[in-house]
Amino acid sequence: MAAPVRALVLHSGPSRDRYSGTHAGWWAWLLQRLTGVALVGYLFLHIAVISTGQAGANTFDDVLKVLQTPVFVALDLLLLAAVLYHGLNGLRVVLLDLGIGVRRQAALFWACLALTLLTTGAAAYFSFPLIF
C-alpha cells in the first residue's frame with residue numbers, strides 16, 4: 001500500500017484525544033443525524049395528516065381526535081426534544097464552523113443536551129394534565 005493511502009487509512013477515524021476522551025463529538029454527530037431523520041419522517045406524517053382534510057371535515061376531525069390522545073401528546077414531547085436538540089446542535093455546528101468555541105466543543109454539546117432536557121422536562125411538567 002502506498003504511503004499516502006496508508007496514512008489516509010490509518011488516520012481516517014476520529015482520534016480519541018480530539019474530544020478529550022468524552023466522545024462528545026461522536027454523540028453530537030449521531031444525535032444530529034438521528035433527529036434529522038426523525039424530523040423528516042415527522043414531516044411526511046404531518047403532510048399525510050393535513051391531507052386528510054381533503055377527505056372531508058369529519059375524517060379530519062376523527063384524525064385530530066386520535067392525535068389528541070395521551071400517547072400522541074407524549075410523542076409530541078419527543079418531537080419537541082428532537083426539534084430543540086437538532087436546532088441547538090445546528091447552532092453549535094455553525095459556531096464551530098466559524099471557529100468560535102472549537103476548544104469547548106464538548107462543553108457546547110453538553111449545554112445543547114442540557115437545554116434540550118430542561119426545556120423538554122418543563123414542557124412535560126405542564127403537559128402532564130393532558131397526558132393523564
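Predicted model: local features only at pLDDT ≥ 70, side-chain atom pairs only at ≥ 80, totals over all residues.
What is the phi of G99, the residue that follows α4? The phi of G99 is positive, near 85°. Residues are numbered from 1 along each chain as its sequence is written, and side-chain values use heavy atoms, with hydrogens and water left out.

Overall, the chain has 5 helices and 0 strands, where helices (H or I, at least four residues) and strands (E, at least two) are DSSP runs numbered from the N terminus. Along the sequence this reads α-α-α-α-α. Buried residues (under 20% relative accessible area, against over 50% for exposed and in between for partly exposed, with a 1.4 Å probe and protein chains only) make up 20% of the 132 residues in the chain. As for contacts (heavy atoms within 4.5 Å), residues 24 or more positions apart account for 70% of those with a separation of 6 or more.

Helix α2 covers residues 24-51 and helix α4 residues 70-97. With its 28 residues, α2 reaches 40 Å from its first C-alpha to its last, close to the 40 Å expected at 1.5 Å a residue; the expected span is 1.5 Å times one less than the number of residues. For the 28 residues of α4, the span should be 40 Å, and the end C-alpha atoms are 41 Å apart, which agrees.

On the inside of α2, the buried residues are A24, G25, A28, Q32, T35, G36, L39 and V49, and what covers them includes α3, α4 and α5. In α4, the buried set is V73, L77, L79, A81, A82, Y85, N89 and R92; these pack against α2, α3 (57-67) and α5 (105-131). An α-helix has 3.6 residues a turn, so residues three or four places apart point the same way.

Now for the way the helices pack. Axes here are lines fitted to C-alpha atoms, for helices over the stretch in contact, and angles run from 0 to 180 degrees between N-to-C directions. The axes of α2 and α4 come within 9 Å and cross at roughly 130°, and the two helices are therefore oblique to each other. On the scale used, angles under 35 degrees count as roughly parallel, over 145 as roughly antiparallel, 65 to 115 as roughly perpendicular and the rest as oblique. From α2, W27, A28, L31, Q32, T35, G36, L39 and Y42 meet L79, A82, V83, Y85, H86, N89, G90 and R92 of α4. By class, that contact has 9 nonpolar, 6 polar and 1 charged residues, counting Ala, Val, Leu, Ile, Met, Phe, Trp, Tyr, Cys and Pro as nonpolar, Asp, Glu, Lys and Arg as charged, and the others, Gly among them, as polar.

Leaving out residues up to four places away in sequence, G90 touches Q32 and Y85. G90 and Q32 are 58 residues apart along the chain, yet their C-alpha atoms are separated by 7.9 Å.

The pair α4 and α5 packs at an angle of about 160°, with the axes 9 Å apart, so these helices are roughly antiparallel to each other. Their crossing is right-handed, and the residues of the contact divide into 19 nonpolar, 6 polar and 1 charged. On the α5 side sits T120, which is buried, with a relative accessible area of 15%. Neighbours within four places aside, T120 is in contact with L77, L80, A81 and L84.

Finally, α2 and α5 pack at about 45°, with their axes 9 Å apart, which makes α2 oblique to α5. This crossing is left-handed. A24, G25, W27, A28 and L31 in α2 meet Q105, A106, F109, W110 and L113 in α5, a contact of 8 nonpolar, 2 polar and no charged residues. H23 lies in the loop between α1 (3-10) and α2, and at 32% relative accessibility counts as partly exposed. H23 and A106 are 83 residues apart in sequence, and 8.2 Å apart in space, C-alpha to C-alpha.

Methods
Left-handed = near helix turned anticlockwise from the far one by under 90°.
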